[in-house]
Each structure stands twice: as structure tokens, then as C-alpha cells.
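Subject: Model handover

Hello,

Here is the model I promised. Please open it alongside this email; my notes follow below.

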Amino acid sequence: MNTVVADITYRAMLGRKRILLLVLLPLALIAVAGLLRLIGGSSEGTAVTLMKSFAVGTILPLLGLVAGTGVIAPEIEDGTIMHLLSKPISRPVIAFTKFVVAASLMALFAALPTFLAAYLLVQNESGIAYGFALGALFAGIAYAAVFLLLGVLTRHAVTIGVIYALIWEGLVGGYVPGARTFSIQQWAQSIADQVSSSAFFKADVSIGFAVPAIVVVTVAALLIAGQRLRSLSLTGEE
Amino acid sequence: MTVTTVPTVATRPGVVQLSGVSRWYGNVVAVNDVTMTIGPGVTGLLGPNGAGKSTLLHIMAGFLAPSNGTATLGGQQIWRNHDIYRHIGLVPEREGVYGFLTGWQFVLSAARLHRLPNPDEAATRALDLVEMTHAKDRRVETYSKGMRQRVKVAAALVHDPHVLLLDEPFNGMDPRQRLHLMDLVRRMGAEGRTILFSSHILEEVERVAEQIEVMVAGRHAASGDYREIRRRMTDRPHIFRVRSSDDRRLAAALIADPSSGAVSLTDGGLEVQALDFGRFTRLLPRVARDAGVRLWQVSPTDEDLESVFSYLIQPRA
């Protein structure tokens, strides 16, 4: 962990247009929850549906994409990363620091609003708010690592990330039960299911698989990102 | 008994050594089998656009792996070796500056990333060196291109490196800023630092570099002092302009010697094509004295960097 790298990365994430996306998405989630409460739709079933399909199914991967790729991909694209890479700091340390920044943003802009939205609807009925917030936190960490890796590997990180989140997790996962096993949002639901006692949902992936999968994917993505950053080729204008 | 070993040139601190370096992208060869040693002093890396200068500089800076061959600094491998940056300062051609930071924050961050014992003092000194103290509290995105270039130089110098690599450093600077940076580069070279800068502007290289390395179409075309390079081009006659008390008589005397390929009488004096540089320069005063002619002016017309460079990039048909 390097505090200078973290400082520059936070400034880049929070001082630019990206903050709008980081703020607007969770605000939309809280606004929908508030609206449902106003019109009297704050039942446990509604809360679970909103958390599953909107909070964990839509907002979480999108925020993961913004935070995970945002901490590194634009710097590689415009060459500003040279300022960090041309210093006597181990490249895996740079990758890890950027991951910590992305993971902390996920905690702030994904897990916390998920808790607030669920709490707004049903307080802590059946542990739904705590369950989905915890699921969003762990899955947010995994998303941050995976999308950070994508940002190091390819200039098309956002496109590939959108394809993964929308097509693999959203579409294929909806029809092919086997695909759900390899879906970060399904792992988030497994954690939520473990914490919550709600009868309105049952996770498709066992907690025994989901937690180790989150750990393995996060660690592997970070290790690969660190190594790839060591071999990152940057060329000039020629 | 004490045994003292003398380090080879390549392992001396501050010496960048490329040995048989090639770099290709698919079927395109960007740099082809380049071997060169860059030591203390100012070296200009010269070549037309697309010659491979930037690729070579990025290999030396550890941002590109050679497809073949090795690049070392003081005997240490450069590629995948982050410790090497304790000794290297890099000024890339790309903007590469965080626009949302102030000049001070940018240079201070470089000092802190180098873990210098007194980063504030180092950043102040570096900004002062490039005359950017007055604008240090403005955000970099509000700077002109020349100011950004100078703040990048300050960040590259903040840790007082042995080696400074600059990719087209004078781009975007106004004439005064350019002269100031040229002076700074010359001074640092004179202090014993290894400075390599790439440029396609001959005048810049001529004014700053003691040594030139010329790249043409990915190959290392020439190395050394450009006047020496010119003298080694024995397949091209040297052209001299000579003014004397009697040009016609001198022309007749010179053409009799085989070292003169052609002599023409022009309004500005004689234009002599010397086939053998050494023989001609020894012969001319003697011939003039024997012919009773006084020499007023003898000046080579194609020994400037521009002529040397054009000969290198346009081989004789």
C-alpha cells in the first residue's frame, strides 16, 4: 500500500466526472426505495426483489466497472500512469493500492447505499438490509479486483466488463443455471441469503462455494494484475 | 593485498548500454539490432519521425521490453526492474501529467514516491531549477504546453538522478523557455550526468548535444560527434567555400591535385569538392602559398549537422 498512489487515485476518482456516476447510481437506488415506501410498496418481497434485481443485479456490477476500471484504465490510456511506474515502487504494490481505493469506493457507494435502501423499505426485517449490504460489500471487492485486472489487461475493459455483467450474469445466468455458479452477483446473493432469514428468496449458489470463490477470484485477479503491470509496455507518440 | 577491479564501461554507474537490441511489432521491425553506449554528458538521439527513437527511449526507460538483446543501466537489467528508477529521471513526450494536481503537488508527489528524506525541499529545488516556482500553486491543466513540459522536467529531476531521459523535451516551449532548458541540460551534462534526449529538430541537437546517435529506419546509422561522422563519410566529397586574393589562379592550382574532385568559380568565391578531407586541408595552404595567393576565408559548407543528417537519411544512389 502506497499512500501517495492512493492519494492521487482518490483525487482522480472523486474530483472528476466519474464521481457523478459513483453518486448517481446509488442515489437512484435510494430514490426507488424511497418511492416504493411512499406508495406503500415496502413489503419484504418487494425489498428482496429490489435488492436482487436492482441493487445487486444492476447497480453493483456497474459501480464495480466504474471503480475497478476507473482507478487504472484511464491512466494507462492517457499515459499518466508513467508518473507512478517510473518510480522505485514495486508494481504489485501499485496494483494493490489501486485495488484498495476501488474496494473502499465500493464499500462507500455500493454496500452502504444497499443497506440504506433496504433499511428504508423494511428496516432490518429478516436481516435483509444487513444480508444484502454484506453481500454487496464482498461482491464489490471481487468486482473491484476483476475489473481492475481487466483495466490492466485490455484497453476495452469497459466493453468486456459490460458484456460480462449484462450478458453473462444478467442474460446467460438467467437461463442457464450452471452459469450462475460463476457469477459474482450470485455470490453476493449467497452471502445475503446466509445472513438473512427471509422466506422470499433462496440463493442458487451455496455459501460454501461463494465465499471461497470470492477470495480466490480476488486474490488471483490481484496477483495477475500486479504481474501484468510489471510487464506493461507503454510507447510514445511515434 | 588489495585487488581493485576496474568496471567495464557498461557496468559504470550512469552508463546505459544497449546490446543487439531489436523490437518488432508483428511483422514490423521498429528497432533493428542496435548496440550503443550512452555515457555521461549530453547525447542527442536524432532521426526522422518513425525512425525508432521513441521505441529506443522507451526500452531504455524500462517501458518496453526488447524483443531481442539487452538494455542495462550500470550493468543492471532495466526491464522489469523498478529499483532502476532510483537512478533514472524520465520526461515522456506524452502529456502524462495529472491535470487536477497543482504543479507543486505533482512534483512533491514525485519526491514522495521516491521516498526522499526531505520531499518539500527537493520539490522546491526542482521547481526553482525549471523556473516554475511562480506558477506552482496553479493546477497543471491550466498550464501552457511549455509549462507542463517544465513541470515534467522538475518531477524527473526531483531525486537528482544519474541518468535523464527526455523524449522531445523542447516541444511546445517558447524560445526563452527553450533556451533556458537547453542551458539547464548542458549544465547537467557538464556536471557528469548522463543525458539522452530525442529530437527531430537539428538545431536543438546541434546546440545542446556533444554526441549524437542517429537512427534511420530502425537502424543505428551513426554515432559520435557529427563533424567526425561527416569525415568518416569518405564516399561523399567535402564541399568548401574558399575566398582568396586570386580565386582563378587558386582554382587552377587546386584542380591539378587529385584530392580536389571539382572546383567551380562562383560569385561568392571558389567552391571546391574535396575527395580526401585530410589531404585537401593540408594541401590548400601550401598550394596557395606556392601560387602567391592569399587565403581570406576557408569554410566547409556541408559539415553542419543538417548536411550530415541529410546524407545519413538519404544514402547516395
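A word on domains before the distances: their bounds come from an automatic or database domain assignment. Please also keep in mind that this is a predicted model.

Chain B, domains

Chain B splits into two parts. Domain 1 covers 9-229, and domain 2 covers 234-301. Between the C-alpha centres of domain 1 of chain B and domain 2 of chain B there are 43 Å.

Chain B, the sheet

Chain B holds an open sheet of six strands. Read across, the order is β6-β7-β8-β3-β9-β10 (chain B). The pairing is mixed. At the edges sit β6 (88-91) and β10 (219-224) of chain B, each of which pairs on one side only. From one strand to the next, the twist averages 15°.

Look at the β10(B) end. Strand β9 (residues 211-216) of chain B runs antiparallel to β10(B), and five bridges join the two. One pair to check is Val216(B) with its bridge partner Arg219(B), which lies in β10(B).

Two helices to view against this sheet:

- Helix α4 (residues 145-157) of chain B packs on the sheet and touches β6 and β7 (163-167) of chain B. Its direction makes about 170° with that of β6(B).
- Helix α10 (residues 305-313) of chain B also packs on the sheet, touching β3 (41-46), β9 and β10 of chain B. Its direction makes about 30° with that of β9(B).

Where chains A and B meet

How many residues does the contact take from each chain? Chain A gives 26 residues and chain B gives 29 residues. On the side of chain A that touches chain B, the elements giving two or more residues are α1 (3-14) and α5 (82-85) of chain A. The largest share of that side comes from α1(A), with four residues. By type, the residues of this side of chain A are eight nonpolar, 10 polar and eight charged.

Chain A, the annotated spans

The UniProt record, an unreviewed entry, lists "transmembrane region" for residues 19-39, 51-73, 93-122, 128-150, 157-176 and 205-225 of chain A. I took two of these spans for a check against the model.

- Residues 128-150 of chain A are 100% helix and 0% strand. The end C-alpha atoms are 32 Å apart.
- Residues 205-225 of chain A are 90% helix and 0% strand. Here the end C-alpha atoms lie 27 Å apart.

Best wishes

Terms used
Residues numbered from 1 in each chain as written. Chains lettered and ligands numbered in written order. Predicted model: local features only at pLDDT ≥ 70, side-chain atom pairs only at ≥ 80, totals over all residues. Pairing = 2+ DSSP bridges. Axes fitted to C-alpha atoms, helices over the stretch in contact; angles between N-to-C directions. Contact = placed C-beta atoms within 7 Å. Nonpolar A, V, L, I, M, F, W, Y, C, P; charged D, E, K, R; others polar. UniProt positions renumbered as here; feature names shortened; annotations may be inferred.
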